Amino acid sequence: MRTILLLMSLGLVLVSTPALANLCNSVKDRTTTTETKTDVDLYEDLFPNTPDRGNRTWNEIVLQCNRQRDTKGNDVAKVTAVPGNSPDKQLLKARDLDPKVIRGHYNFFGKIVTQLKYVYILSKQNGVWTMIIPYRPIINDVVPDRIDFNWSHAGVLYDATQVVDPSRNTEVKPSAVPISSTLCAAPTYFPGDAGKYDGKELYQRDPENKFISLGKIEYQYGKNGGVWSGCRVDRNRDLYWRPDSVRNEVIKVKPEDWILDNFVRTAEDYWTIPNVFQLKLLMKGRNESTFPKSTLDLLEDGDHLTIRFATKFLPYGFNQMYKSNIIQFNNFSTMTTDGTYWHEVGHAFATDDEYPNNGEVDNEKGCYHPDYKAFSPRTYQMCEAAVSDKRTIYHYLAVSRYVTKQKECDQDRDCSSGEYCNAGIDLKKNQCVAKKADDQTCDIAGGGHQCKSGYCKLSRCYTPNSVPMGETCYLNDACKEGKCSSLDGTKGTCVCQADADCGKGKYCNAGIDATKNSCLALKSDNETCDIAGGDHQCKSGYCKLSRCYTPNSVPMGETCYLNDACKEGKCSSLDGTKGTCVCKSDADCGQGKWCDAGIDTKVNACRPKRNKGESCAGVAGNDHKCKSGKCSGFPKYECK
Ligand SMILES: [Zn+2]
C-alpha cells in the first residue's frame, strides 16, 4: 500500500512536508521496551523454527509498532507482554482452539484517518493454526469479456493447439509454446480500431489498451516510466495451465477462474507453514463449499474484503492495494504478480508497510535506513514486497489476537450501537450480536432490547404504527392504520378495521371474516351493496334493496332499481330489479304530455296529448289524454 494514495483517498492534501515513513516513532532509536521483549519471547516460544524468525531486533521493532497501531494491541499485550504463565497465555499454547472471528482496526501509518478494519477467523487443531481471511472477489472487466495475464503467467498457460488431446486435457506437445508466444505474439485490434496506436509512444496509449481486442497489450508510465506488457485473451477461451515446467501435464481452465484460483493458491502457499500455520482464503461465491457451515456462520455481512481485479494497467505506476479507495477503485489487475499478492494479503494480517515512501533510504522510520541494515529487514515481506523469505513474526501478530475480547459481553452497553448482548443461559459465551429488524423473532419476555426498534411483542420485533396497509405484520400495533389480519403473532397483513383506515374514495370491506378486511373502491349508483348497513359502501352514501343509488337523480327513461332513485315518476321495476324511470302521473311528463299508466303499471310512459277526434279509449278517467281535456266517453271515446 502506498501512503500517498491512501491519504489522498481520505481527502488529505499532502503539502511539501517530507513524505511519511511507515514505522512508529518509538523505534526511531532502534530500542524497544521491556514489554515488547517479553512479547517477542512468547513469539519465539510459539514459533520455534529459527530460520523463519529472521532477526530478533527487527521482530521487536515490527511488533512494538504493531501493538501501538492495532486498536486491540493493548488487549493483546496485557496477556502477551506480561511475564509468567497466565491462563490466556496458556490458551495460545493450547493444542486445539475453537474457530473465533477476530475483528479489529489498524491505524496504518499510525494515523486514525487511515484506519482500516481487519477480520479473520482463527482456530487451532493438533497444534496447527488455521487462519481464514474472507474475501469478496470481483473481476472488473474494464475491457468487456477479456482477461489480461501478466507475461510470466502467460508463460505457463497454453492454448488448445499446443495440447496433445485438448478434449482430455492431458499434456502439452513436446514442442509446445505458451500463450505469450501464440495468442499474444501480436495485438489484434477491435473492428474499426486497427492502427489507432500507430505513431504513438507506449506512454501515449490509454492504460486499458481499449482498442486492442486480443493479444499483446503494452503501456508505459510516462516518458521515462516503466514499460509493462500483458497478454489479453477472450474470457471464454479454454486455456491449459501447466503447473510444473518440468512435467508436461496440463489442467484445462477458464481465464477468470485461473486468475482467482491463482490469487488464492499463491497467497496460501506463501503464508502457510507446514505443521505450524495454515492460511485459507475464503472467496465469497466461489469456494465457500470447502468450509464448514459452522465456520461460515461466524461471519457477518460486511466482514468480506472486496477485491476488484481490473483488465488494465493500474494507475500510479501500477499501484496495487490491500483495500480499494475512492481514488483507486481496483485493488488489483488481472496482471498482478504473485509476489504482490503475498504482500497485500499480508496486510490482512493487520500489518503495516515497513518500507519508506519514495524509496527514501535515509528515513529513520523506514526499513531501508542504513542503521537498520544489520537487522536484515529486506528479508521481511512487509518491508520488501515479493521477497520469498517467510517471517513468522507476522503469523504471531495474527494469532496472538486470539486472546482479545471479540464481542464478548455482560450487558448491552458492552456492545457497539446496533448490537445487543445475547446473554443466554451460558453466561460465558455471551456475544454481541446485531439487533434485529422488524418481523424478526425476539425473546417473548424482555426481548425489546434485541430489536432495532426497541419493541418486541408476541416474540416479534416491530415498529409501532409503521406498516402500510397490505404489507406484512404479526401484530395489530405494527400497522400504520387498521389492524393485522393474523392473530397472536402469526404472519398476516395489515388490513382495515374501519372506513377511515382506507382513505378517500374507499371503504373497509369488513365482511364476516374480519381477518380479510380490505379497502375497496366506493361503489357507483346501481352497483350492489350489502342489504344491511351497505350505505357506507356507496359513493352516494345510500344503499337500498342491495343497490347503491343517489336519491332523485335518474332522469326519465334511464336505469333504476328503486323508485327513490328516479328524479320524477317511479321505477318501472319492483323490489330492486332492473328497470327504467317512468312516469306516475301527468305532472311527471311535462307540458303537452300525459302519463300512460296503462293496466300494467310497470311500463308507464309519457305520451303526447291527443287532438280532437283522436282516440282517448281507456278504462276510466280518460280526459287527461286530450289536449282539450275532454274525452267523449262511451261508446266512441274521442277527444272533443
Ligand atoms: Zn503494502
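**View 1. Helix 4 and the elements that cover its buried residues.** Helix 2 (34-46), helix 3 (56-69), helix 5 (87-93) and helix 10 (392-400) are among what covers the buried residues of helix 4; covering here rests on contacts, meaning C-beta atoms, placed from the backbone, within 7 Å. This is a predicted model, in which local features need pLDDT of at least 70 and side-chain atom pairs count only at pLDDT 80 or more, while totals for chains, interfaces and linings use all residues. Residue numbers start from 1 along each chain as its sequence is written. Helix 4 spans residues 73-80, and its buried members are Gly73, Val76, Ala77, Val79 and Thr80. A residue is called buried if 20 or more other C-beta atoms lie within 10 Å of its own, exposed if 12 or fewer, and partly exposed in between, with C-beta atoms placed from the backbone. Why do the buried residues line one face of helix 4? Seen down the helix axis, they fall within an arc of 160°, the arc being that of the directions from the axis to the C-beta atoms. Helices (H or I, at least four residues) and strands (E, at least two) are DSSP runs numbered from the N terminus.

View 2. The 13 residues of helix 2 reach 19 Å from first C-alpha to last, close to the 18 Å expected at 1.5 Å a residue; the expected span is 1.5 Å times one less than the number of residues. Look for Thr36, Asp39, Val40, Leu42 and Tyr43, which are buried. These buried residues fall within an arc of 150° seen down the axis, so they line one face of helix 2. They pack against helix 3, helix 4, helix 5 and helix 10. On the face turned away from the buried side sit the exposed residues Thr34 and Asp45.

**View 3. Ile133 and the nonpolar cores.** The largest nonpolar core has 90 residues, and Tyr120, Ile133, Ile179 and Ala267 have the most contacts inside it. Such a core is a set of buried Ala, Val, Leu, Ile, Met, Phe, Trp, Tyr and Cys residues joined through C-beta atoms within 7 Å. Helix 6 (residues 255-271) gives the largest share of this core, eight residues. Leaving aside neighbours within four places in sequence, Ile133 is in contact with Tyr120, Leu281, Leu282, Val345 and Ala348. Another core, of 19 residues, lies apart from the largest one and includes Cys442, Cys456, Leu475 and Cys479.

View 4. Ala386 is not a glycine, yet its phi is positive, near 80°. Ala386 is partly exposed, with 13 other C-beta atoms within 10 Å. Is Ser388 buried or exposed? Ser388 is exposed, with 9 other C-beta atoms within 10 Å. The C-alpha atoms of Ser388 and Lys504 are separated by 75 Å, and the two residues are 116 apart along the chain.

**View 5. Tyr316 in helix 8.** Helix 8 covers residues 315-318, and Tyr316 lies in it. Tyr316 has a positive phi of about 55° although it is not a glycine. With 14 other C-beta atoms within 10 Å, Tyr316 is partly exposed.

Terms used. Two residues are in contact if their C-beta atoms, placed from the backbone, lie within 7 Å.
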